[in-house]
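The sequence and the structure come before the discussion.

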Amino acid sequence: MKQAGKFITFEGIDGAGKSTHIAYVTELIRQRGIQVVNTREPGGTPLGEKLRDLALNEKMHLETEALLMFAARRENLAQVIAPALERGDWVISDRFTDSSFAYQGGGRKLALEKLDTLEQWVHPQLQPDLTLLFDVPLEVARERLDATRVQDKFEQEKTDFFAAARAEYLRRAREFPARFEVIDSTRAIPEIRQLLDGLLARLWPA
Ligand code: ADP
Ligand code: TYD
């Protein structure tokens with residue numbers, strides 16, 4: 001794949017504040033005259049959305065769950081992400097492979113080597129140019145969630161699950177410091193926007 005555009009992923013435990021900032025970052029990029037494609041995982045394609053519905057609502061073996069996440073991802077890469085990056089568009093994805101490490105690896109305790117294997121299979125060459133990790137204590141995320149919506153299978157998980165998912169996210173942020181930016185998402189929304197302005201500025205073409 002010949003990548004001309006930039007690939008930005010949003011990560012964090014449920015309720016951390018990812019969705020709140022996606023529209024803002026999308027607009028920042030558009031203002032530069034760059035085309036942006038928004039996608040989400042699991043999902044992003046008609047087939048991916050069907051797989052999402054299964055993965056988020058049905059009980060299943062943890063390996064089945066991991067395989068469905070990567071199956072949806074394979075389709076999203078083929079149909080949406082790779083073609084957009086090749087055209088020179090920028091792509092913003094609400095979650096990507098770091099979510100599989102955090103939730104299936106950290107949360108469900110699937111061996112990380114298995115996830116490494118799936119990652120090598122599904123996107124051996126591609127990594128995000130920038131991963132924005134929205135980090136908050138579990139209590140804050142939980143409070144924000146309860147206020148807003150009907151909970152899916154993951155959102156009904158217990159504190160231990162999210163503690164492990166958050167820890168795995170932070171471990172990956174330390175492992176891949178070049179692409180990760182950890183954002184303290186307890187800060188006020190305008191402050192986070194200011195921070196995002198600075199982080200995005202590093203990616204602008206010369
Ligand atoms: P996620 O997409 O990570 O699950 P959301 O962006 O949907 O999280 O945020 C969950 C809730 O928390 C929303 O109601 C949102 O308005 C609120 N929220 C997000 N960021 C902040 C913040 N920095 N301060 C206060 N409330 C926030
Ligand atoms: P999300 O899109 O954040 O849902 P919502 O918009 O309702 O907040 O997340 C979908 C759920 O899927 C979330 O709980 C995390 C989970 N997930 C995984 O477990 N593994 C993965 O690889 C991905 C991409 C998501």
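A backbone N or O atom of Gly 17 lies 2.8 Å from an oxygen atom of ligand 1, in a model that is predicted. Another backbone contact to ligand 1 comes from Gly 15, where a polar backbone atom is 2.8 Å from an oxygen atom of the ligand, and a further one comes from Arg 187, whose polar backbone atom is 2.8 Å from a nitrogen atom of ligand 1. The protein buries 76% of the 560 Å² that ligand 1 exposes when taken alone.

## Surroundings of ligand 1

Which residues are the closest to ligand 1? Of the 15 residues that surround ligand 1, the closest are Gly 15, Lys 18, Ser 19, Thr 20 and Arg 187. Three helices each supply at least two residues of this shell, namely helix H1 (18-30), helix H6 (138-148) and helix H8 (189-201), and H1 gives the most, with 3 residues. Divided by class, the shell around ligand 1 has 4 nonpolar, 6 polar and 5 charged residues. The space that ligand 1 takes is the largest pocket.

## Surroundings of ligand 2

Ligand 2 is surrounded by 16 residues, and the closest of these are Asp 14, Arg 95, Ser 100, Tyr 103 and Gln 104. Side chains provide the contacts to ligand 2 that are collected in the table.

| Residue (side-chain N or O atom) | Atom of ligand 2 | Distance |
|---|---|---|
| Asp 14 | oxygen | 3.1 Å |
| Ser 100 | oxygen | 2.5 Å |
| Gln 104 | nitrogen | 2.8 Å |

On its own, ligand 2 has 560 Å² of accessible area, and the protein covers 93% of it. Ligand 2 sits in the largest pocket, and the elements that give two or more residues to the shell around it are helix H2 (46-57), helix H3 (62-87) and helix H4 (97-107). Which element gives the most to the shell around ligand 2? That element is H4, which gives 4 residues. By class, the shell around ligand 2 comprises 5 nonpolar, 3 polar and 8 charged residues.

Is Arg 95 buried or exposed? With a relative accessible area of 11%, Arg 95 falls under the 20% limit and therefore counts as buried. The backbone oxygen of Arg 95 lies 2.8 Å from a polar atom of the side chain of Ser 93. Ser 93 itself is found in strand S3, and Ser 93 counts as buried because its relative accessible area is 0%, which is under 20%.

## Thr 97 and its side-chain partners

Thr 97 is found in helix H4, the element that gives the most residues to the shell around ligand 2. The side chain of Thr 97 makes a polar contact of 2.7 Å with the side chain of His 123, and a polar contact of 3.4 Å joins the side chains of Thr 97 and Arg 73. Why does Thr 97 count as buried? Thr 97 counts as buried because its relative accessible area is 2%, and the class takes residues under 20%.

## Further backbone features

Lys 109 lies in the loop between H4 and helix H5 (112-122), and this residue has a positive phi of about 70° although it is not a glycine. With a relative accessible area of 59%, which is over 50%, Lys 109 therefore counts as exposed, whereas Arg 95, at 11%, is buried.

Where is Pro 42 found? Pro 42 is found in the loop between strand S2 (36-40) and H2, and the peptide bond that joins Glu 41 and Pro 42 is cis, with an omega of about -10°.

Definitions and conventions. Residues numbered from 1 in each chain as written. Chains lettered and ligands numbered in written order. Predicted model: local features only at pLDDT ≥ 70, side-chain atom pairs only at ≥ 80, totals over all residues. Heavy atoms only, no water. Near = heavy atom within 4 Å. Polar contact = N/O pair within 3.5 Å; in protein donor to acceptor, adjacent residues only side chain to side chain. Areas by Shrake-Rupley, 256 points an atom, 1.4 Å probe, with all protein chains shown as cover. 1 Å grid on protein atoms, 1.4 Å probe; cavity = no way out; pocket = protein on both sides within 12 Å on 5 of 7 lines; lining within 4 Å. Sits in = over half its atoms within 2 Å of the grid points. Nonpolar A, V, L, I, M, F, W, Y, C, P; charged D, E, K, R; others polar. Buried < 20%, exposed > 50% of the residue type's maximum accessible area, 1.4 Å probe, protein only.
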